[in-house]
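Have the sequence and the 3D view ready as you read.

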Amino acid sequence: MNFSCNDRISNNQLRAILVAGLLGNLAVSAPLGVIEKSGSAAYISIAIGGLAAAVLFYILIKLTSAGFVKSYEDMSTESLGRGISFVLFAVVLIHIVLYGGFQLSISARMVQETMEKGVGKNFASLIIVLVSAYMAQRGSECIGRIAEIAAVLMLIFIAFIFIVSAPSMDLTVLRTTPAESRGILKGAFDAFCSMSAAGFVFMLSPKTNNTKKSAMSVFSAIIIVTAVLSFGTALSVSCFGLKEAERKLWPVIQMMNYTEFPGSLVERQEVLMSGFYVFSSFILTGISVYLSSSLLGHMFKSVKKKWPFLLASCLAVYALQYCGKDAYGDFNLIYWLYRFNPVMYIIMIISPVAAIVRRKK
Amino acid sequence: MRKIIALVFVFAFVLSGCGGNEIEGRNFVSVMGIDDAEGENYNVTLGFITPDGEDMYTAQAKSIETPTAAVTDKLISSGKRQMYFGHLKAIVVGKDALYRPEPLNEILSMSSSDSDISMDTIILASERKASDIVSSVSGSGDGLYVWDFYKNNKNRLYSSQKLTLAEAVKQNDTQNGIVIPMIDADDENIDIQGGIICTGGLYSGKLDTGEMQGFIYLCEDGKGKTEVISVNSKNIPFEIKRNVNEIKFFENGGKLSADIDISVKAHSLNEYDFDIDSENDIAGLLEGQIERKAESAADKLQSFNCDALGLGYSLMREDSGLYDKYSQADMFKNMDLNINVSVFLE
């Protein structure tokens with residue numbers, strides 16, 4: 001069977017990239033901050049925050065999709081001119097590189113902690129970056145196809161874990177106290193920020209074959225991620241109790257090890273889960289490298305070759321792992337970045353809005 | 001591009017699956033015993049399996065004196081072989097480590113923060129030194145497999161329950177007390193029955209076999225256990241099929257009270273043809289027996305002000321107004337507990 005390779009993705013692939021790329025990474029980084037704010041009600045906060053992000057994405061993409069052309073980069077250059085779009089690309093580039101780099105750092109640290117303590121963090125990062133570079137070099141379609149497989153595998157496994165774990169949930173822990181209820185909205189804002197990966201969404205959406213349907217793809221992807229994160233957080237708080245879930249660096253991942261597999265099929269489930277998480281990390285790093293090298297290509301059109309941009313993106317993403325001193329340092333960096341996510345909504349819709357206005361004129 | 005692919009493959013081969021330590025280079029820790037030692041140190045005894053060329057597995061015990069913060073780091077690198085905690089099945093805490101409030105917190109914190117140690121690890125306490133228990137179970141043929149003991153000896157575990165690390169940490173965080181199942185072992189047998197009561201991390205007393213059985217019903221853990229009633233000098237065993245509790249908090253005469261309704265579904269393991277021909281009478285006997293055990297467990301816990309049932313925490317989540325009114329150090333001790341048992345025979 002011959003597959004087309006035109007660097008375009010289907011809406012299903014867009015959904016798969018967002019689910020596979022965000023699910024694993026947010027499962028590690030999002031619940032911690034939310035549990036701190038809203039305690040046992042963290043699962044409610046995540047549900048509210050995720051729903052808000054999904055609805056906002058849906059509305060914004062519906063309103064702006066009329067301005068979408070071949071790619072975000074072309075759309076920006078055509079509607080804003082080279083000067084303004086250069087500045088815009090620089091901002092988006094920094095955001096995407098930071099996002100990919102910080103998440104890569106957390107992934108590599110988790111590989112070291114849960115899978116093998118003997119493997120160096122920088123070495124694990126290097127392998128992920130090398131494979132991601134290969135994916136990025138092949139284009140968005142390649143990443144989309146891999147994400148389709150990864151998302152299905154991840155969701156089947158997670159659903160199985162949830163079904164096995166759900167009957168033993170301690171619902172008493174999940175009842176919220178008045179103090180926790182007051183923190184629900186604060187936690188929801190944190191969850192909203194962490195799920196608002198607008199840079200990725202608005203750069204990928206114009207690349208779909210049918211841009212009219214991309215709003216629904218993004219909406220369903222964020223809803224899937226929200227549902228899994230919300231239920232996973234409820235499970236881990238229920239399994240470990242609130243204080244321990246707060247203390248644990250990756251409670252959702254470690255919760256997996258507490259789940260007893262039927263027939264003792266798997267001895268250390270959390271390692272298996274970490275494997276899926278690393279899969280997710282490949283997708284996110286791959287898409288970060290791909291998008292950033294593409295942005296660099298448009299910023300410096302005089303350079304005709306592709307590999308210098310790919311190399312620069314890989315180096316930038318890889319170098320960021322040295323920013324965090326330890327796991328808590330990595331988490332602080334990603335939380336700091338999440339705070340800028342809502343601003344990215346505004347930055348990312350400038351180009352499609354300008355394109356619509358330009359066409360009407 | 002082919003060069004890049006080749007490079008990735010080369011790296012994949014360089015990355016050894018076991019982080020530079022193959023199975024032969026590791027000792028697999030199965031049981032860890034912790035006793036108090038001088039100062040802030042602990043005497044840690046490990047029962048571990050050494051994969052060996054000829055005998056395949058050899059169980060040994062090794063002791064080391066260290067603060068808990070350094071337990072795993074220090075032990076991992078001790079000796080030629082790496083100590084691997086990924087297959088740890090049980091942690092035994094010696095009674096002497098429970099005479100100060102800190103050790104229990106430190107042991108649970110150390111174990112739960114080590115990503116190699118599973119949250120499913122069983123926590124046990126011993127009236128003897130933990131090092132003795134670990135040495136005994138390491139010496140006996142089946143001793144290392146405390147975890148399997150739980151799986152394979154359900155009938156012998158009627159008077160004990162499985163306390164996992166996750167559950168112990170959760171209880172230690174949310175309650176003022178915890179009951180740790182008690183283990184005793186010699187070269188021949190492992191015996192897990194009864195429990196050690198810890199209030200605020202300190203040893204307070206112990207639950208005997210009957211009280212532990214009552215505690216199990218109060219914790220809704222009765223499913224799968226066997227309850228035996230005696231009628232006309234004949235024993236009738238019943239398998240507990242379901243154990244669900246309902247707790248209602250209320251004020252009564254200016255005192256905090258709680259109704260604990262224990263609902264049990266039981267199934268007779270033997271056919272019976274006694275004079276008592278009514279099932280209700282049999283059920284009544286079972287109800288009485290379970291109620292006595294549950295009441296004696298609750299009385300013992302209240303006498304030590306050990307809220308191992310987590311009633312204070314449940315009240316905080318269910319009725320914060322009532323909790324705020326009665327929240328004080330001896331809330332559980334002064335609580336009026338009314339225990340009612342209903343048995344349904346299958």
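Start with helix α5 of chain A, which covers residues 140-165 in this predicted model. Its 26 residues span 36 Å from the first C-alpha to the last, close to the 38 Å expected at 1.5 Å a residue. Look along α5(A) and you will find a series of buried residues: Ser140(A), Ile143(A), Gly144(A), Ile146(A), Ala147(A), Ala150(A), Ala151(A), Met154(A), Ile158(A), Ile161(A) and Ser165(A).

Now move to helix α2 of chain A (residues 42-64), and find helix α8 of chain A (residues 184-195) packed against it. The two axes lie 7 Å apart, at an angle of about 50 degrees. The crossing of α2(A) past α8(A) is right-handed. On the α2(A) side, the residues that meet α8(A) include Ile44(A), Ile46(A), Ile48(A) and Gly49(A). Among their partners in α8(A) are Ala188(A), Phe189(A), Asp190(A) and Phe192(A). Sorted by class, this contact of α2(A) with α8(A) holds 12 nonpolar residues, four polar and one charged.

The contact of α2(A) with α10(A) is made up of 19 nonpolar, five polar and one charged residues.

Methods. Residues are numbered from 1 along each chain as its sequence is written. Chains are lettered from A and ligands numbered from 1 in the order in which they are written. This is a predicted model: local features need pLDDT of at least 70, side-chain atom pairs count only at pLDDT 80 or more; totals for chains, interfaces and linings use all residues. Helices (H or I, at least four residues) and strands (E, at least two) are DSSP runs, numbered from the N terminus. The expected span of a helix is 1.5 Å times one less than its number of residues. A residue is buried if 20 or more other C-beta atoms lie within 10 Å of its own, exposed if 12 or fewer, and partly exposed in between; C-beta atoms are placed from the backbone. Axes are lines fitted to C-alpha atoms, for helices over the stretch in contact, and angles run from 0 to 180 degrees between N-to-C directions. A crossing is left-handed if the near helix is turned anticlockwise from the far one by less than a right angle, and right-handed if clockwise. Two residues are in contact if their C-beta atoms, placed from the backbone, lie within 7 Å. Ala, Val, Leu, Ile, Met, Phe, Trp, Tyr, Cys and Pro count as nonpolar, Asp, Glu, Lys and Arg as charged, and the others, Gly among them, as polar.
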